[in-house]
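Subject: Structure for you to look at

Hello,

Here is the structure I promised to pass on. Please open it next to this message, and my notes will follow below.

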Amino acid sequence: MQIENNKVVSFLYHLRDAEGTALEESEPGLPLAYLHGHNNLLPALEEALTGRSAGDRFSVTLPPEKAYGPLVPGKTQRIPIKHIVNPPKRLLPDMIIHVQTEQGPIPAKVIKVGKFMVDVDLNHPFAGKTLEFQVEVVSVRDATEDEIAHGHAHGDGGHHH
């Protein structure tokens, strides 16, 4: 079965920057599941997955403009520590945290920590980076009516209600 719109795709991945530094990877043996064609992945990564099948392995390199965009200087903000989602016991500079916003949690990089406030860089942690994904397609299946209505995959590796 080929990957196309309204298919649930499970895949494993390794993500590196242009210098080969490991940035992120899926948990070994725990593939990520998404609903194809519903804007659940970077559009360029989803495009690279289109037409592939279970068992396919490939790599795709995305420049910043096709990944998380350019690094925007001065995209910093001072926020109350209480707006951090599950704050660690000790906040440190360069730590990646999630800040609760009206649109949901977003990643941010800690710049400076005060007693009640924290200065953060709101650029995505991978903004300005060329990204190389190593991908292994584990499975492809038809989406259920509920998944299509909700716009995301359910179950293992997907969304849990």
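Let me start with Phe-11, which is buried, at a relative accessible area of 1%; here buried means under 20% relative accessible area, exposed over 50% and partly exposed in between, with a 1.4 Å probe and protein chains only. Please keep in mind that this is a predicted model, in which local features need pLDDT of at least 70 and side-chain atom pairs count only at pLDDT 80 or more, while totals for chains, interfaces and linings use all residues. Residues are numbered from 1 along each chain as its sequence is written, and side-chain values use heavy atoms, with hydrogens and water left out.

Aromatic rings

The whole structure contains four aromatic pairs (rings of Phe, Tyr and Trp, the last by its six-membered ring, with centres within 6.5 Å; planes under 30 degrees apart are stacked, over 60 edge-to-face, the rest tilted). One of them joins Phe-11 and Tyr-34 edge-to-face, with 5.8 Å between the centres and 85 degrees between the planes. Phe-11 is in strand E1 and Tyr-34 in strand E3, so this pair ties together parts that are 23 residues apart in sequence. Strands (E, at least two residues) and helices (H or I, at least four) are DSSP runs numbered from the N terminus. Tyr-34 is buried too, at 3% relative accessibility.

Tyr-13 and Phe-133 make a tilted pair, because their planes are at 50 degrees, with the ring centres 6.4 Å apart. That pair links distant parts of the chain, with Tyr-13 in strand E1 and Phe-133 in strand E9, 120 residues apart. Both Tyr-13 and Phe-133 are buried. Ring pairs join Phe-11, Tyr-13, Tyr-34 and Phe-133 into a cluster.

Salt bridges

How many salt bridges does the structure hold? There are five, counting a side-chain nitrogen of Lys or Arg within 4 Å of a carboxyl oxygen of Asp or Glu. One of them is between Asp-142 and Lys-7, at 2.3 Å from N to O. This pair also links distant parts of the chain: Asp-142 is in strand E9 (residues 131-142) and Lys-7 in strand E1 (residues 7-17), 135 residues apart. Lys-7 is buried, at 11%, whereas Asp-142 is partly exposed, at 44%.

Arg-141 bridges to Glu-147, with the closest N and O atoms 2.8 Å apart. Arg-141 is partly exposed, at 33%, and Glu-147 is buried, at 2%.

Lys-109 and Asp-94 form another salt bridge, their closest N and O atoms being 3.7 Å apart. Lys-109 belongs to strand E7 (residues 104-113) and Asp-94 to the loop between strands E5 (76-80) and E6 (96-101), so the pair ties together parts that are 15 residues apart in sequence. Asp-94 also has a positive phi of about 75 degrees although it is not a glycine, and it is exposed, at 55%.

E6 and E7 are paired over six bridges, and Ile-97 has Ala-108 in E7 as its bridge partner.

Enjoy looking through it!

Best wishes

Definitions and conventions:
Pairing = 2+ DSSP bridges.
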